[in-house]
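Trainee: I have just opened this model. Could you take me through its charged contacts and its overall make-up?

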Amino acid sequence: MVSLLSSLAIGTACITGNASAFVSPATTVQTPSLTLSRSVTTQSSSSSPLYASSNPTHSNHFTNAFTALLSLTLFTTSLTTLPQPSIAAQNGDGASLASNAKLTTGGASTLQSGRTISITRGVNLDNSNFSNQNLKGVAFQQSIVRDSDFSNSNLYGASFFDATLDGSNFENADMTLCNVEMAQFNRANLKNAIVKDMYVSGATLFEGVKDIEGSDWSETQLRKDQQKYLCNHPTAKGTNPVTGVDTRESLMCLD
């Protein structure tokens with residue numbers, strides 16, 4: 001890169017006729033007298049081979065060389081300044097563990113400003129352990145989080161938008177105000193979970209959920225067929241140990 005920049009500088013000097021700035025000190029000729037120096041410096045610039053403007057052909061050559069050097073320099077610079085891949089993407093299949101997930105301090109995807117926590121957006125986090133943690137506002141959207149453990153964790157306001165949560169354990173977790181639009185909960189354990197005021201959509205799927213006993217669904221607007229499915233689930237019973245709300249009552253089941 002240094003040699004390219006040097007070549008670029010020399011090319012510029014050739015066009016402007018200021019190549020004397022690049023003459024090596026070791027090759028400087030000592031003039032015998034001040035008179036000789038003056039005679040050399042007062043020579044007509046038109047006779048100098050570096051005076052490119054006196055010869056249109058030479059000028060075109062210098063211009064073309066300068067353009068080529070500039071293009072090569074810009075291309076090389078762009079290659080050396082490309083962003084490096086994140087840890088989660090270096091092996092091509094995302095992070096396999098929470099410890100390998102991208103880390104950030106108080107990013108836009110978390111409500112915990114100033115805390116360093118795992119941000120798991122769009123990565124593979126199968127079989128991860130997120131139990132007994134404060135994950136308030138953490139974004140898991142568009143992630144694959146199968147057979148992972150979120151038990152006893154604070155997931156208030158967390159995002160599982162378009163996430164695959166098959167087989168994950170949310171027992172005793174607080175999922176109030178979670179965004180679960182387009183998420184799927186096949187084999188997931190929601191026993192005693194607080195799932196109040198969750199954001200759901202028509203594409204949110206609870207089919208195949210493992211356990212909803214003691215869960216609180218208050219103010220969560222479920223699609224009619226999903227509500228019916230949950231009300232008919234064999235574990236749709238019990239009372240949430242934290243809120244004291246009956247599961248079937250929170251689902252507005254017609255008993």
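The conversation below turns to salt bridges, then to the chain as a whole.

Mentor: Please note that this is a predicted model, in which local features need pLDDT of at least 70 and side-chain atom pairs count only at pLDDT 80 or more, while totals for chains, interfaces and linings use all residues. Residues are numbered from 1 along each chain as its sequence is written, and side-chain values use heavy atoms, with hydrogens and water left out.

Trainee: How many salt bridges are there in the whole structure?

Mentor: A search of the whole structure gives 3. A salt bridge here is a side-chain nitrogen of Lys or Arg within 4 Å of a carboxyl oxygen of Asp or Glu.

Trainee: Which residue does Asp-126 pair with?

Mentor: Its partner is Arg-146, with 2.7 Å from N to O. Both residues lie in the loop between β2 (116-119) and α4 (224-231), 20 residues apart, and the pair links distant parts of the chain. Helices (H or I, at least four residues) and strands (E, at least two) are DSSP runs, numbered from the N terminus.

Trainee: Is Asp-126 buried or exposed?

Mentor: Asp-126 is buried, at 15% relative accessible area, whereas Arg-146 is partly exposed at 32%. Buried means under 20% relative accessible area, exposed over 50%, and partly exposed in between, using a 1.4 Å probe and protein chains only.

Trainee: What does Arg-187 meet in a salt bridge?

Mentor: The side chain of Arg-187 meets that of Asp-147, at 3.1 Å from N to O. They sit 40 residues apart, each in the loop between β2 and α4, and they too link distant parts of the chain. Arg-187 is partly exposed at 40% relative accessibility, and Asp-147 is partly exposed at 38%.

Trainee: And how far apart are the closest N and O atoms of Arg-223 and Asp-225?

Mentor: They are 2.5 Å apart, in a salt bridge. Arg-223 is partly exposed at 32% relative accessibility, as is Asp-225 at 37%.

Trainee: Changing topic: how many helices and strands does the protein have?

Mentor: The protein has 5 helices and 2 strands, in the order α-α-α-β-β-α-α along the sequence.

Trainee: What share of the residues is buried?

Mentor: Of its 255 residues, 35% count as buried. The protein exposes about 14400 Å², of which carbon and sulfur atoms supply 55%; accessible areas come from the Shrake-Rupley method with a 1.4 Å probe, and for residues only the protein chains shown count as cover.
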